[in-house]
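Trainee: I would like to learn how to read a protein model with care, one feature at a time. Could you take me through this one?

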Amino acid sequence: MLRTQSVLSTSIENGSMKWLGLLGLVTLSECIVIIPLTQMKTMRETLRERNLLTDFSEEHPYSLSQNATNDQNIIYHPVRNYKDLVCIGSINIGTPPQEFQVLFDTGSSSLWVPSIYCQSPSCYKHKSFIPQNSSTFQATNQIFNIKYSSGMINGYLGYDTVRIGKLVSVAQPFGLSLKEFGFEALPFDGILGLGYPRPTVVGATPVFDNLRKQGVISEPVFAFYLSSQQENRSVVMFGGVDRAYYKGELNWVPVSQVGMWLINMDSISVNRTVVACKRGCQALLDTGTSLLLGPRGPVSKIQNLIHARPFGHEHLVSCQTIGTLPPVVFTINGIDYPVPAQAYIQSLSGRCFSNFLVRRQRVNESETWILGDVFLRLYFSVFDRGNNRIGLAPAV
């Protein structure tokens, strides 16, 4: 049985240590380790100017109990929501460990960081891995290329020990970039994909799958709590679910296509009128995407309904109307998930931007939406690989 938990969070909130941006905890056995994170200056304005606020996408069942078990097998790891941008946390690679800030991304499956041999401008602005400084590093001759919506990288595959808090993945395959495009202004060094295994790099087992294979986590589940308040914390938890982070019960939605965190969505409505996804559609829950992305036609209709006007690649909304605009309701598996105007509109430097954005769709592709951090900050999300499903509940 997959474990849930309802304790531990108060021990941090009532502690004497001041929150610096976001704070998290790692739990092993009876030990609670508190890890402070330094608050960082937002780069969202820069990313908007450069049009970079898009996604980085790429038979023994058990049941999740809704009861608290005080289980200490849940492993917590702190992540920054980076001023409502993306989920960033620290990992260590190599022996002795070299620390990196990575994007925890459910929309991709690979782990990569810059190599010291990378000559791209982006690499000079981020931390680079130095293979010769790690006694456990193993190089290969295997080359890889990964394309994201906002950039691309190429490099070679290596193996080394990867640590996420107290979680240790031994002989973990990961990419070392030699060329990077589109990552210069982004506030992280690399990406840690939490998607299903994909043939991006042949033989490169994702970190989560390696942790599962090596018996490091108790259950094949991870979950995200993305705080929208600076004084609180965002965490990604592995091996279980802490119900202190959500209200009510988890609503489970089966994955519509095993291999991606993709689910069926019933409709999108405003003022009880369906405005998009009228005949049902697909939705990708993606922590590597900051906004709400959809096809041009439906997104344009929503922009009109909230009185948003074009401004470059985005849309502006009158800041004075935020309190009067209706929520946009995403109905999933018969359950309504409202997103209020305070969430789908972002105030920056005296201007208010719509957080709806058009995504590029392939020819003949069915209507597909990407529900990024705007949605996931409102709803605690559980990614259950064991049962190929996603659990959602209102976040506390």
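**Reading the model step by step**

Mentor: Let us begin with contacts, where contact means heavy atoms within 4.5 Å. Leaving out residues up to four places away in sequence, Ile-268 touches Thr-273, Val-274, Val-275, Ala-276, Cys-277, Ile-302, Val-328, Val-329, Phe-330 and Trp-369. Before we go on, note that this is a predicted model, in which local features need pLDDT of at least 70 and side-chain atom pairs count only at pLDDT 80 or more, while totals for chains, interfaces and linings use all residues. Residues are numbered from 1 along each chain as its sequence is written, and side-chain values use heavy atoms, with hydrogens and water left out.

Trainee: Which residues touch the most other members of the largest nonpolar core?

Mentor: A nonpolar core is a set of buried Ala, Val, Leu, Ile, Met, Phe, Trp, Tyr and Cys residues joined through side-chain atoms within 4.5 Å, and buried means under 20% relative accessible area, exposed over 50%, and partly exposed in between, with a 1.4 Å probe and protein chains only. Here the largest core has 74 residues, and those touching the most other members are Ile-91, Met-265, Ile-268, Phe-330, Tyr-344 and Phe-375. Strand β19 (residues 281–285) gives this core its largest share, 4 residues; helices (H or I, at least four residues) and strands (E, at least two) are DSSP runs, numbered from the N terminus. There is also a second, separate core of 13 residues, which includes Val-221, Met-237, Val-241 and Ala-395.

Trainee: How many aromatic pairs does a search of the whole structure find?

Mentor: Rings of Phe, Tyr and Trp (its six-membered ring) pair if their centres lie within 6.5 Å, and planes under 30 degrees apart count as stacked, over 60 as edge-to-face and the rest as tilted. The search finds 23 such pairs. In one of them, the rings of Phe-137 and Phe-174 have centres 6.3 Å apart and planes at 70 degrees, so the pair is edge-to-face. This pair links distant parts of the chain, with Phe-137 in the loop between α3 (121–124) and β8 (138–148) and Phe-174 in strand β10 (residues 167–181), 37 residues apart. Both Phe-137 and Phe-174 are buried.

Trainee: Are the planes of Tyr-196 and Trp-261 stacked, edge-to-face or tilted, and why?

Mentor: The pair is tilted, because the planes stand at 50 degrees, with the ring centres 4.8 Å apart. Arg-385 lies over the face of Tyr-196 at 4.7 Å from the ring centre, and Lys-127 lies over the face of Phe-100 at 5.2 Å from the ring centre.

Trainee: What does the side chain of Arg-359 reach?

Mentor: A polar contact is a pair of N or O atoms within 3.5 Å; within protein, one must be able to donate a hydrogen and the other to accept it, and residues adjacent in sequence count only if both atoms are side-chain atoms. Arg-359, in the loop between β27 (356–358) and β28 (368–371), is buried, with a relative accessible area of 14%. Its side chain reaches the backbone oxygen of Thr-368 at 3.4 Å, and also makes a polar contact with the side chain of Glu-365 (3.3 Å). Thr-368, found in strand β28, is buried as well, with a relative accessible area of 9%, and a polar atom of its side chain lies 3.0 Å from the backbone oxygen of Ser-366.

Trainee: Where is backbone geometry worth a second look?

Mentor: Most residues other than glycine have a negative phi, and most peptide bonds are trans. In this model a cis peptide bond joins Thr-95 and Pro-96, with omega about 0 degrees. Ala-171, in strand β10, has a positive phi near 50 degrees.

Trainee: Over which residues does pLDDT stay under 50?

Mentor: pLDDT is the predictor's confidence in each residue, from 0 to 100. It stays under 50 over residues 1–46 and over residues 49–70, whereas the chain has a mean of 80, with 76% of its residues at 70 or more. Where pLDDT is low, the predicted coordinates should not be read in detail.

Methods. A charge sits over a ring if NZ of Lys or CZ of Arg is within 6 Å of the ring centre and within 35 degrees of the ring normal.
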